[in-house]
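Work through the exercises below with the sequence and the coordinates at hand. Each task is followed by a solution in steps.

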Amino acid sequence: MSIRFSLLRVALLLLLIGIGCLVTFQLIGSSVDQNGFVQEPFALIPIGWLFIIVGAIIAAAYLIRTGLNKLSRKVSR
């Protein structure tokens with residue numbers, strides 16, 4: 001049971017980190033320097049989405065596994 005609980009915590013942590021990356025990107029913003037180059041923390045966008053997707057996959061796997069375990073317990077009774 002503790003492994004599943006820690007998986008849920010990991011999934012939630014990854015989701016929060018991903019959302020934090022996207023919010024940070026918005027807070028930092030972008031600007032154009034004197035040479036005409038755009039200065040923005042672009043790397044936060046794919047990193048944020050990566051964390052969100054991995055967190056969602058882990059959370060979905062946790063929920064599916066928990067649902068299947070509950071279903072198998074009902075059937076076995």
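The exercises go from the whole chain to single residues.

The model is predicted, so local features need pLDDT of at least 70, side-chain atom pairs count only at pLDDT 80 or more, and totals for chains, interfaces and linings use all residues. Residues are numbered from 1 along each chain as its sequence is written, and side-chain values use heavy atoms, with hydrogens and water left out.

**Exercise 1. Overall form**

Task: state the order of secondary structure elements in the protein chain and set its radius of gyration against that of a compact globule.

Solution. Step one: the protein chain has two helices and two strands; helices (H or I, at least four residues) and strands (E, at least two) are DSSP runs numbered from the N terminus. Along the sequence the pattern is α-β-β-α.

Step two: the radius of gyration, taken over C-alpha atoms, is 19 Å, whereas a compact globule of 77 residues would have one near 11 Å. The globule rule is 2.2 Å times the number of residues to the power 0.38. The C-alpha trace spans about 75 × 15 × 15 Å along the principal axes.

Step three: 17% of the 77 residues count as buried, where buried means under 20% relative accessible area, exposed over 50%, and partly exposed in between (1.4 Å probe, protein chains only).

**Exercise 2. Helix α2**

Task: compare the span of α2 with the expected value and list its buried residues.

Solution. Step one: α2 covers residues 44-76. Its 33 residues reach 48 Å from first C-alpha to last, close to the 48 Å expected at 1.5 Å a residue; the expected span is 1.5 Å times one less than the number of residues.

Step two: the buried residues of α2 are Leu44, Gly48, Ile52, Gly55, Ala59, Tyr62 and Thr66. An α-helix has 3.6 residues a turn, so residues three or four places apart point the same way.

**Exercise 3. Glycine 48**

Task: explain why glycine 48 counts as buried and name the residues that it touches.

Solution. Step one: glycine 48 counts as buried because its relative accessibility is 0%.

Step two: not counting residues up to four places away in sequence, glycine 48 touches Gly18, Cys21 and Leu22, contact meaning heavy atoms within 4.5 Å. Glycine 48 and leucine 16 are 32 residues apart in sequence, with their C-alpha atoms 9.3 Å apart.

**Exercise 4. A nonpolar patch**

Task: identify the residues of the nonpolar surface patch and give their accessible area together.

Solution. Step one: Ile64, Leu68, Leu71 and Val75 form the patch, with about 420 Å² of accessible area together. Areas come from the Shrake-Rupley method with a 1.4 Å probe, and for residues only the protein chains shown count as cover.

Step two: patch residues have over 30% relative accessible area and no salt bridge; like charges are joined within 9 Å, nonpolar side chains (Val, Leu, Ile, Met, Phe, Trp, Tyr) within 5 Å. A salt bridge is a side-chain nitrogen of Lys or Arg within 4 Å of a carboxyl oxygen of Asp or Glu.

Step three: leucine 68 lies in α2 and counts as exposed at 52% relative accessibility.

**Exercise 5. The strand region**

Task: locate phenylalanine 37 and find its contacts.

Solution. Step one: phenylalanine 37 is in the loop between β1 (31-32) and β2 (38-39), and is exposed at 54%.

Step two: beyond its neighbours within four places in sequence, phenylalanine 37 contacts Ser31 and Val32. Valine 32, in strand β1, is exposed at 58%; on the same exclusion of residues up to four places away, valine 32 touches Phe37 and Val38.
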